Amino acid sequence: MTSQTAGRAVVLDGRAASSAIKEELAERVAALKARGVTPGIATVLVGADPASQLYVGMKHKQSEAIGMNSIQRELPADATQEQVEALIDELNADPACHGYIVQLPLPKHLDTDAILERIDPAKDADGLHPTNLGRLVLNVSGTIDTPLPCTPRGVIELLVRNGYDLKGKHVVVVGRGVTIGRPIPLLLTRREINATVTITHTGTADLSEHLRRADVIVAGAGVKHIVRPEDVKPGAAVLDVGVTRETDPETGKSKVYGDVHPEVAEVAGYISPNPGGVGPMTVALLMTNVVEAAERAAGLA
Ligand SMILES: Nc1nc2c(c(=O)[nH]1)N[C@@H](CN(C=O)c1ccc(C(=O)N[C@@H](CCC(=O)O)C(=O)O)cc1)CN2
């Protein structure tokens, strides 16, 4: 992969890496189709949050582009728990759907944990069902074949595809959410990766002190510019996974900010841009999870 730079840092280009993954997936999809199986991905979107609509739209467009079947299901923002659960039951029973996700966050009146737990673990394309998270805890040697959470898998894949060796590195994760902060240490500490991890969050005392000792920073707290240039060890790899949307009071337009201050690129050795870094990897690894589920269902895994 050719490398660009930002400041003094090598850019970890998520668009390029995700394109490579999608080319590989297109071949696996074609092989499945040749055996009469079209991998099917589904999404459940509750409400009309513009960011969630954008992400769901990207998932379908990109899945269809590599030959997958895509099923888009939507419910209104005031949908009841029973309505969402009935839709989950429908997708669990649908043979055309090999894997699906419930787009997060859900409206506050819904019980997210109960909804994630109702997904058939074999169709859990986000790897967020308690059974799959439990297998991730047990799976220290990477020998159990289960779906892995997409963003953590995307972070590791982005580093590996850029030739970055995580073995023996000290990774500081910022954030403790279910899609990134909680699962990523379990992947990074697997024997085949062998990184050492510190988890920090908005309640951590002296975050800067932890960050300054990191070889790798994975910032996914959703706090605008929480990682500043003075917090970063020169040469460190910094992956920006956070998204904060603010409306410009003058233009009325929405602007997206990452967790990493732009000047970090002057200090870091490697940097993932935001947008264009981990976001596209999340979608590519979601598609990977669904293709793998279809391969397992077809007895190919
Ligand atoms: N069920 C899930 N919900 C959510 C997840 C998740 O992994 N599973 N993660 C995030 C949102 N997300 C996927 O759903 C996601 C976020 C960002 C991107 C992306 O490619 N972003 C682009 C920029 C897009 C733009 O704003 O124009 C980029 O970074 O280049 C993809 C997926 C929360 N919910």
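The model is predicted, so local features need pLDDT of at least 70 and side-chain atom pairs count only at pLDDT 80 or more, while totals for chains, interfaces and linings use all residues. Residues are numbered from 1 along each chain as its sequence is written, and side-chain values use heavy atoms, with hydrogens and water left out.

**Ligand site**

- A pocket is an open set of points on a 1 Å grid over the protein atoms alone, with protein on both sides within 12 Å along at least five of seven lines; lining residues have an atom within 4 Å of a point.
- The ligand is surrounded by 17 residues, the closest being Lys59, Val102, Leu104, Asp126 and Gly276; a residue is near a molecule if one of its heavy atoms lies within 4 Å of it.
- This shell is made up of 8 nonpolar, 5 polar and 4 charged residues. Ala, Val, Leu, Ile, Met, Phe, Trp, Tyr, Cys and Pro count as nonpolar, Asp, Glu, Lys and Arg as charged, and the others, Gly among them, as polar.
- Helices α2 (50-65) and α9 (278-297) each supply at least two residues of the shell. Helices (H or I, at least four residues) and strands (E, at least two) are DSSP runs, numbered from the N terminus.

- A polar contact is a pair of N or O atoms within 3.5 Å.
- A side-chain N or O atom of Lys59 is 2.6 Å from an oxygen atom of the ligand.
- Leu104 has a polar backbone atom 2.9 Å from a nitrogen atom of the ligand.
- An oxygen atom of the ligand is 3.3 Å from a backbone N or O atom of Gly279.

**Annotated spans**

- UniProt (unreviewed entry) lists residues 12-126 as "domain: Tetrahydrofolate dehydrogenase/cyclohydrolase catalytic". This span is 50% helix and 16% strand, with its end C-alpha atoms 23 Å apart.
- Residues 149-297 carry the UniProt annotation "domain: Tetrahydrofolate dehydrogenase/cyclohydrolase NAD(P)-binding" (unreviewed entry). Here the chain is 29% helix and 19% strand, and the end C-alpha atoms are 19 Å apart.
- The "binding site" annotation in UniProt (unreviewed entry) lists Gly175, Arg176, Gly177 and Val243. They are spread over 69 residues of sequence but cluster in space, with a largest C-alpha distance of 14.4 Å. From this set, Gly177 and Val243 belong to the lining of the largest pocket.
- Gly177 is in the loop between β6 (170-174) and α7.
- UniProt annotations may be inferred rather than shown by experiment.

**Backbone features**

- Leu104 and Pro105 are joined by a cis peptide bond, with omega about 0°. Pro105 is in the loop between β5 (99-102) and α4 (112-118).
- Another cis peptide bond joins Asn274 and Pro275, with omega about 10°. Pro275 is in the loop between β12 (270-272) and α9.
- Asn194 is not a glycine, yet has a positive phi of about 60°. Asn194 lies in the loop between α7 (184-188) and β7 (196-200).

Note on methods:
A polar contact is a pair of N or O atoms within 3.5 Å; within protein, one must be able to donate a hydrogen and the other to accept it, and residues adjacent in sequence count only if both atoms are side-chain atoms. On a 1 Å grid over the protein atoms alone, a cavity is a set of points where a 1.4 Å probe fits but cannot get out, and a pocket is an open set with protein on both sides within 12 Å along at least five of seven lines; lining residues have an atom within 4 Å of a point.
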